[in-house]
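Please look through the sequence and the structure shown below before reading on. The paragraphs that follow lead from the overall fold to individual side chains.

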Amino acid sequence: MREPNHFRRIVVIWALLTAICWPLVVFVFNPDLPPGRGADDAQGVIVDQSVLYAVAVPIALALLVYFAYVLIVFQERGPSPREGVAIPEDPRVGRTWLAVTSLIAFGMAAFGTVRLLEGGAGGGQGPDPLTPPGGKPLEVQVIGQQWQFTYRYPSYGGVETQKLVLPAGRQIELHVTSLDVIHSFWAYELGVKADANPGADNVTYVKAEKPGSFQIRCAELCGLWHGYMFDAGRVADERKFETWIRQERRRLADATKALPPYSHVYYPEPVGRAG
């Protein structure tokens, strides 16, 4: 009896499963995964996830099909164990493995570099983004403190609010810092996350295309009430945003006078000293 071509069987099974699962994962399930499409950064996350799934699904299926096939087809069914079939060394296997893994690694590195230069200008890694977007964005400062975020608008008299409201369709330059310990500002549906470090100015950019709400969380363990440090932000059209910020300036006029001058970092005076 002729020995079946196990390699061909594995390839055929893998190809059929890939043809079914690949479009389902990349085009059906992935677009609805978090963080959604609330802003350009969030859409960028979806694009990155699509590429990662497009590469990972065939690889994962190849491993699963191979191991499942081996466990089923080569399972010992006799009354006593037999010695396994000798497998001769084949240098083509090593060369193929090296070529495929190298192609994947260098391809993903090239994709990541291009994405960094195109859309990774403001990832909250410091005060000098690599490739900032053009134009004049609206600057908004995010200030972390135990245990809340506050938001300062230097273009509107330096008013500091407890709610984050952003105008739709406008590029926003977020300056993220902290007054005490390390926090992490995470605007979930906008796809924005940046560490809030004391004495540091981490810049990130976001542009929300349409009005809506988004969750804000602290993504860094920052003390006893870390779990309490969440809120909801809002994207409003330009006219509603201007109305809101004027109302906040009037309501908080006295508090704004007591604030220190606007700066990208702050060093509060200690309330007590040891010794």
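**From overall fold to side chains**

The protein contains 5 helices and 10 strands; helices (H or I, at least four residues) and strands (E, at least two) are DSSP runs, numbered from the N terminus. The model is a predicted one, in which local features need pLDDT of at least 70 and side-chain atom pairs count only at pLDDT 80 or more, while totals for chains, interfaces and linings use all residues. Residues are numbered from 1 along each chain as its sequence is written, and side-chain values use heavy atoms, with hydrogens and water left out.

Of the 275 residues in the protein, 32% are buried. Here buried means under 20% relative accessible area, exposed means over 50%, and partly exposed lies in between (1.4 Å probe, protein chains only). The protein exposes about 17,500 Å², and carbon and sulfur atoms supply 63% of that area; accessible areas come from the Shrake-Rupley method with a 1.4 Å probe, and for residues only the protein chains shown count as cover. Contacts, defined by heavy atoms within 4.5 Å, also describe the fold. Among contacts between residues at least 6 apart in sequence, 68% join residues at least 24 apart.

The interior comes next. A nonpolar core is a set of buried Ala, Val, Leu, Ile, Met, Phe, Trp, Tyr and Cys residues joined through side-chain atoms within 4.5 Å. The largest such core has 35 residues, of which Tyr-153, Leu-164, Leu-174, Phe-185 and Leu-190 touch the most other members. Leu-164 is in contact with Val-140, Tyr-151, Tyr-153, Phe-185, Phe-214, Ile-216, Gly-233 and Arg-234, when neighbours within four places in sequence are left aside.

A pair of aromatic rings is described by the distance of the centres and the angle of the planes. Rings of Phe, Tyr and Trp (its six-membered ring) pair if their centres lie within 6.5 Å; planes under 30 degrees apart count as stacked, over 60 as edge-to-face and the rest as tilted. By this rule there are 8 aromatic pairs. Together with Tyr-156 and Phe-241, Tyr-153 and Trp-244 form one aromatic cluster.

Another edge-to-face pair is made by Trp-186 and Tyr-188, at 5.2 Å centre to centre and 75 degrees between the planes. Trp-186 is partly exposed, with a relative accessible area of 23%. Each ring of this pair also has a charge over it, a term that requires NZ of Lys or CZ of Arg within 6 Å of the ring centre and within 35 degrees of the ring normal. The charged end of Lys-193 sits over the ring of Trp-186, 4.3 Å from its centre, and Arg-217 lies over the face of Tyr-188, at 4.8 Å from the ring centre.

Side chains of opposite charge can pair when their charged atoms come close. A salt bridge is a side-chain nitrogen of Lys or Arg within 4 Å of a carboxyl oxygen of Asp or Glu, and by this rule the count is 3. In one, the closest N and O atoms of Asp-231 and Lys-163 are 2.7 Å apart. Asp-231 lies in strand β10 (residues 230–236) and Lys-163 in the loop between β3 (159–161) and β4 (165–167), so the pair ties together parts that are 68 residues apart in sequence. Asp-231 is partly exposed at 25% relative accessible area, and Lys-163 is partly exposed at 43%.

A further salt bridge joins Glu-238 and Arg-170 (3.5 Å, N to O). Because Glu-238 lies in helix α4 and Arg-170 in the loop between β4 and β5 (172–178), this pair ties together parts that are 68 residues apart in sequence.

What separates Arg-251 and Glu-248 in helix α4? They are 3 residues apart, about one turn of the helix, and they form a salt bridge whose closest N and O atoms are 2.8 Å apart. Arg-251 is exposed, with a relative accessible area of 57%, whereas Glu-248 is buried, at 11%.
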